[in-house]
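Here are my notes on the sheets in this one and the helices that go with them. Have the structure open while you read.

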Amino acid sequence: MTIKPAEAATRLGSACLPALAARGIAVPAYPRQGAPGVVHLGLGAFHRAHQALVFDTLLQSGDTRWGVFGVAMRSTQLADALTVQDGLYAVQVASRAGSQWQVGGAIWQTAVAAREPAQVVQAIAAPSTRWLTLTVTEKGYGPELGRLIAQGLAARHAAGLPGLTMASCDNLAHNGRQLQALCVNAARPLSPALADWIERACAFPNSMVDRIVPAATPQRLAAAAQALGVADQAALGTEAFWEWVIERRFADPGDADLLAGAGVTVVDDVAPFEDAKLRLLNGSHTAMACLGAVAGWPVIGECITQPAVLSFIHGLMTREVGPQLSRPDWAGYRDALLARFANPALQHSVHQIATDSSQKIPQRWPPSVLGALRAGLPVDGLAFAAAAWMRYVRGCDEQGNAYAMNDPMAGELQALAQMHAGDAEASVQALGTWRVIWGEALPDNTHWLALVGRQLDRIERLGVLAALAQLQADGNDD
């Protein structure tokens with residue numbers, strides 16, 4: 001059905017739900033009033049396509065405690081768009097078999113932390129609040145976040161309310177423990193008693209979340225208008241696959257069975273799943289993002305359809321990273337990842353994935369390099385990925401087209417990369433010895449640095465595809 005401009009000008013909202021249901025689109029069938037039970041920090045696409053849909057499932061079951069108070073940390077645009085739309089947004093779930101739309105309804109209220117910090121503190125301290133979840137990215141775990149949460153918990157403690165389950169859903173190793181340390185350290189200067197209460201009364205489960213969620217595009221918004229018959233400024237797309245593995249550590253132990261009933265995997269130890277995701281999915285994603293940016297392939301789907309890239313990523317996971325992992329089904333997870341990367345419906349931008357690479361690499365590559373070296377496994381593919389990143393931070397592709405780097409260290413990294421362009425050894429010394437990125441051991445490992453230098457020299461002289469061909473000829477790929 002073709003949507004006329006006048007029809008599409010109507011905004012998605014609660015009044016639209018009966019008509020959308022009549023179109024066969026899944027919509028919230030539960031009351032969306034009352035006080036939210038979850039405060040979520042980081043109101044981006046990933047949360048809305050992942051945890052918020054799990055909470056939507058719980059709400060659909062009749063459990064009204066899972067409505068979300070969604071907090072954007074700084075950007076006002078999305079929070080305001082959701083407010084206009086009564087917190088509703090459409091999600092296109094796409095696979096090779098086709099796609100379907102659904103409307104998520106778990107977000108009941110929104111705020112912007114930078115604009116309305118008092119509202120966020122009040123939400124954390126609200127009697128109805130049971131959970132606090134976060135997707136603020138790796139770089140977000142700093143003193144400002146700690147102070148905001150500590151203020152909310154202080155108000156909660158002063159009111160004599162129970163503790164919260166506080167689940168980090170970011171790509172950090174041992175993310176629950178990191179969040180706990182952040183909150184306790186922020187609370188102790190306010191009150192030692194508060195810090196002790198947080199440690200005693202709040203639960204900080206480690207968790208691993210997995211779903212590929214590209215940034216929204218004008219094309220996606222147009223597709224939403226076509227499918228829904230109304231305009232949706234918060235529409236997004238994702239894949240059919242999702243996974244949430246969470247540690248059995250809750251302020252309310254009964255939540256374990258509820259989450260399991262909604263498809264969440266509740267385990268005693270998240271580490272094997274967390275490690276596999278960080279090293280296989282996220283590590284491969286960052287490698288392909290750098291390769292794609294340098295070669296001029298705009299999306300991951302185009303990268304992985306290059307036979308040389310597919311062979312490289314398969315070999316990287318199979319010979320260098322996978323054998324180190326304790327996830328029992330890592331080979332099946334690898335195969336599923338390769339299929340997911342190739343999903344033509346996702347259009348996942350390499351520059352989106354390369355965002356904040358200096359903050360992401362420490363969790364994604366050095367642990368695999370060090371583990372492989374200890375185990376006597378090859379690391380040439382990992383060295384090639386590191387070299388591709390060093391070429392990426394120069395800020396222009398092989399055709400000479402400049403691109404913007406979204407990274408807190410972009411200025412320093414780009415200046416060094418450009419200063420040493422064409423000199424692989426000097427580039428590796430300048431970029432491969434930052435301990436904040438590569439850890440304590442690798443900057444002093446001359447064998448590793450030499451391997452990276454060799455691969456960077458190839459990329460500089462030959463370009464990405466020819467350099468990958470030489471890597472494969474060396475026997476370091478399948």
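1. Take the open sheet with strand order 8-10-11 to begin with: three strands, with mixed pairing. Keep in mind that this is a predicted model. At the edges sit strand 8 (207-210) and strand 11 (265-267), and each of them pairs on one side only. From one strand to the next, the twist averages 15°.

2. How do strand 10 and strand 11 run relative to each other, parallel or antiparallel? They run parallel, and three bridges join strand 10 (residues 243-247) to strand 11.

3. Now for the open sheet with the order 4-3-9, which has three strands and mixed pairing. The twist here averages 30° from one strand to the next.

4. Strand 3 (residues 89-95) and strand 9 run parallel, joined by four bridges. Look for Val93, which stands opposite Thr238 in strand 9.

5. Which helix packs on this sheet and touches strand 3, strand 4 and strand 9? That's helix 10 (residues 218-228), whose direction makes about 85° with that of strand 4. Helix 4 (residues 51-60) lies across strand 3 and strand 4, and runs at about 70° to strand 4.

Conventions
Residues are numbered from 1 along each chain as its sequence is written. This is a predicted model: local features need pLDDT of at least 70, side-chain atom pairs count only at pLDDT 80 or more; totals for chains, interfaces and linings use all residues. Side-chain values use heavy atoms; hydrogens and water are left out. Two strands pair if DSSP finds at least two bridges between them. Helices (H or I, at least four residues) and strands (E, at least two) are DSSP runs, numbered from the N terminus. Axes are lines fitted to C-alpha atoms, for helices over the stretch in contact, and angles run from 0 to 180 degrees between N-to-C directions. Contact means heavy atoms within 4.5 Å.
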